[in-house]
Amino acid sequence: MTDTTSSARGGVPERPSLDGLEETWARRWQEDGTYAFDRTKERSDVYAIDTPPPTVSGELHMGHVFSYTHTDTVARFQRMRGRTVFYPMGWDDNGLPTERRVQNVYGVRPDPALPYDRDWRPPSAPVDDAARKNPTAISRRNFIELCELLTVEDEKAFEALWRRLGLSVDWSLTYTTIGSAARAASQRAFLRNLARGEAYQAEAPTLWDVGFGTAVAQAELEDRERPGAYHRLRFTGPDGREVLIDTTRPELLPACVALVCHPDDERYADLVGASARTPVFGVEVPVRAHPLADPAKGTGIAMVCTFGDLTDVTWWRELRLDTRVVIGRDGRLLPEPPAGVPAEPYAALAGQTVNGARRTLVELLADAGDLVGEPRPITHPVKFYERGDRPLEIVSTRQWYLRNGGRDAGLREELLARGRELRWVPEHMRHRYEHWVGGLTGDWLVSRQRFFGVPVPVWYRLDDTGEPDWSHPLTPDEATLPIDPSSEPPPGYEESQRGVPGGFTGDPDVLDTWATSSLTPQIVGGWETDPDLFARVFPMDLRPQGHDIIRTWLFATVARSHLEHGALPWHTAVLSGWILDPDRKKMSKSKGNVVTPMALLERNGSDAVRYWAANGKPGMDLAFDPAQVKVGRRLATKLLNASRFALGLGAADALRAAATQPLDTAMLAELSGVVATATTAFDGYDHTAALMATEAFFWRFCDDYIELVKERAYGTGPAADSARAALATALSVQLRLFAPVLPFVTEEVWSWWRYGSVHRSPWPTTYEVGRAMEAPGDPELLRLAADALGQVRRAKSERKLSMKADVPLAEALGPAAVLDQLGAVADDLRAAGRIAKLDLLPDRTTELVIACAF
């Protein structure tokens with residue numbers, strides 16, 4: 001690494017400005033390959049980052065700016081420390097978010113039954129609400145092409161913003177999660193999971209999003225408070241005994257398969273092992289005991305339906321109950337009743353929506369006299385898919401699962417051990433990981449009934465009646481990946497045999513987007529396609545991400561790497577917090593309080609916005625504060641002007657000289673401490689502490705040191721040479737300390753007087769600063785001189801005099817030892833304060849006092 005490349009010095013401009021720096025330097029960095037990864041370096045010289053690929057389904061927001069700036073400060077610091085930084089950028093463009101965006105923008109919906117229309121063209125402009133409510137049906141292939149078209153345009157806008165923000169990524173390493181490399185890696189990993197028995201297919205109760213028409217994994221759930229009502233239903237027990245049940249879902253009564261009470265609940269002990277009859281339908285169901293039944297909830301006895309919620313699934317599985325499914329994938333009650341349920345009362349419910357069926361069944365209960373009292377309104381948590389807008393249902397479907405420890409205690413312990421092996425920043429975030437892994441109740445459901453995703457890479461033989469052989473899937477050779485079973489035949493078959501008895505059918509599903517995103521280290525690292533690169537970057541050094549997706553992205557990536565490589569995918573995970581609005585509420589599109597960054601970047605400059613972002617520590621939430629952005633712009637402007645002033649004194653020509661004067665070595669000694677503090681902070685992924693230490697010193701440097709030495713620096717002789725040498729070292733070091741946070745202004749100033757890029761220059765060291773001093777300095781001396789000058793300034797201010805006003809006489813009072821120190825910098829103090837005569841009067845006061853006579 002060197003700071004003396006062929007790039008010429010630009011000279012100090014007459015009127016330096018922040019305006020236009022982003023365009024100038026973003027272009028130069030790209031042209032010069034400033035951030036290019038050097039793949040000839042050994043692994044020990046590489047710092048590899050598993051960069052989060054943002055979801056390409058709308059606009060980037062301040063949360064992206066916040067967290068990606070943090071990662072960029074790490075990349076820049078490590079690059080200046082001599083590492084070649086592997087810093088890719090990806091776009092997460094497959095999955096439900098992209099599909100929804102396409103549907104909303106163009107007013108279309110995919111219909112796999114329709115043939116491909118090569119002449120179909122989308123609307124030339126986004127459609128209105130009416131078109132969205134009545135979407136045009138298009139073929140699956142037309143829909144996928146439309147998804148690809150829109151994501152390409154979105155990715156261009158995202159890249160433009162990232163370049164504007166100054167992310168130091170190597171743009172030649174860009175990938176997409178729907179691209180060929182990603183599809184191949186995702187399918188390869190799945191096939192290996194399948195071969196090892198870690199992937200399996202099962203018919204089971206599945207969380208189902210009716211709106212999207214797809215299965216949903218446990219990690220994608222969220223509870224939302226919704227209004228509901230308790231309905232008290234009268235069941236009939238042995239000898240006509242009344243058994244009252246409270247439920248919020250009376251429409252599931254035809255799906256009832258049991259009543260459950262707690263084993264210790266004496267009220268129902270005599271019922272356990274007997275049966276009760278359901279109202280309206282008159283179906284006999286067993287009464288069973290289970291510890292999950294809550295005696296304090298409702299009447300203390302609950303009806304088990306297949307399936308109303310996840311507890312129903314647990315009871316159904318552990319008590320080995322019958323199955324009576326009544327809700328279909330479209331969210332409506334099935335046209336035919338389940339086995340054992342009479343058709344006549346069920347006919348009134350068939351085909352209705354859940355809400356419609358609820359109203360009908362409540363009427364039937366009331367008419368039969370089996371609705372006890374009026375429904376009691378409540379507000380309760382309801383499970384939703386995190387991107388959905390309709391409550392989830394539980395339907396029985398055939399799906400693909402990956403083992404994740406949810407049903408395997410041994411694997412669970414292995415994944416918990418991986419979490420303890422990982423370095424967490426901040427450390428307490430590890431507990432979220434452990435809480436999630438410890439609470440898993442099932443394996444990871446990875447298949448989705450959607451379109452724009454990585455196809456599940458298997459086919460099934462059809463028997464003589466055309467039924468698939470689910471238990472023996474046909475798989476492709478890895479060398480042929482990626483493949484699409486819906487348009488390609490399996491090995492040994494021809495396309496004409498698709499759907500024909502004795503032929504084959506392709507798996508119609510795609511993999512969950514996390515099933516691909518969980519392989520980002522493998523995708524971008526060239527797993528199995530570029531062994532040399534993979535050996536240099538894997539396991540990676542850093543995974544930066546939001547704390548809210550520990551349970552999805554982080555855990556899934558750990559699980560996939562553990563299963564495939566027997567290792568962690570990275571050494572360190574740095575978690576970022578959320579961005580809050582000025583009222584300290586989380587920013588979200590649904591709340592309408594999101595701030596989009598481009599206008600802010602254009603108005604204030606990227607360095608100013610990055611400064612605001614860098615004030616947020618890892619793991620901590622940060623409120624968006626426009627005033628803090630303005631502080632950042634003021635800092636960048638001051639850095640321009642202070643640098644111009646120092647270079648105007650001739651500092652550039654004194655860089656290799658040593659500082660000899662006490663005040664100069666004092667300033668450099670304090671700067672050496674700042675270098676140590678900032679370096680330790682960055683090593684600990686605490687960019688905020690590094691920035692705070694650097695910024696605090698910079699303002700003291702400008703307000704105190706420069707004011708104290710500028711008269712001397714204007715002169716000639718050894719003392720003036722010392723001031724210029726100190727200014728040169730201080731400027732060089734501070735530019736590099738600020739560079740990870742303020743890349744544009746530091747590069748601009750660096751170009752005035754140094755060769756190459758500040759971002760390829762060595763990170764400053766205490767040795768470097770110490771070498772610039774003829775003798776060790778005392779930081780206290782600078783603080784003492786600044787205190788004395790401050791008292792002189794206050795004296796002038798109190799008398800409403802200009803700071804340039806002369807002071808005929810000043811007396812310095814204080815302990816003798818303090819005044820001895822002050823004597824070492826007396827000449828600089830007199831010049832800065834415009835003091836004609838300075839008398840030192842020892843032991844008159846216990847603290848330093850500067851008395852001015854005018």
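## Leu838

Leu838 is buried, with a relative accessible area of 10% (buried means under 20%, using a 1.4 Å probe and protein chains only). The model is predicted, so local features need pLDDT of at least 70 and side-chain atom pairs count only at pLDDT 80 or more, while totals for chains, interfaces and linings use all residues. Residues are numbered from 1 along each chain as its sequence is written, and side-chain values use heavy atoms, without hydrogens and water.

Strand S28, residues 835–842, contains Leu838 (strands are DSSP runs of E with at least two residues, helices runs of H or I with at least four, numbered from the N terminus). Leaving aside residues up to four places away in sequence, Leu838 touches Ala810, Ala812, Ala826, Leu829 and Arg830 (contact means heavy atoms within 4.5 Å). Between the C-alpha atoms of Leu838 and Ala696, 142 residues apart along the chain, the separation is 30 Å.

## Helix H5

Helix H5 covers residues 140–165, and its 26 residues should span 38 Å at 1.5 Å a residue; the end C-alpha atoms are 37 Å apart, which agrees. The expected span is 1.5 Å times one less than the number of residues.

Methods
Buried < 20%, exposed > 50% of the residue type's maximum accessible area, 1.4 Å probe, protein only.
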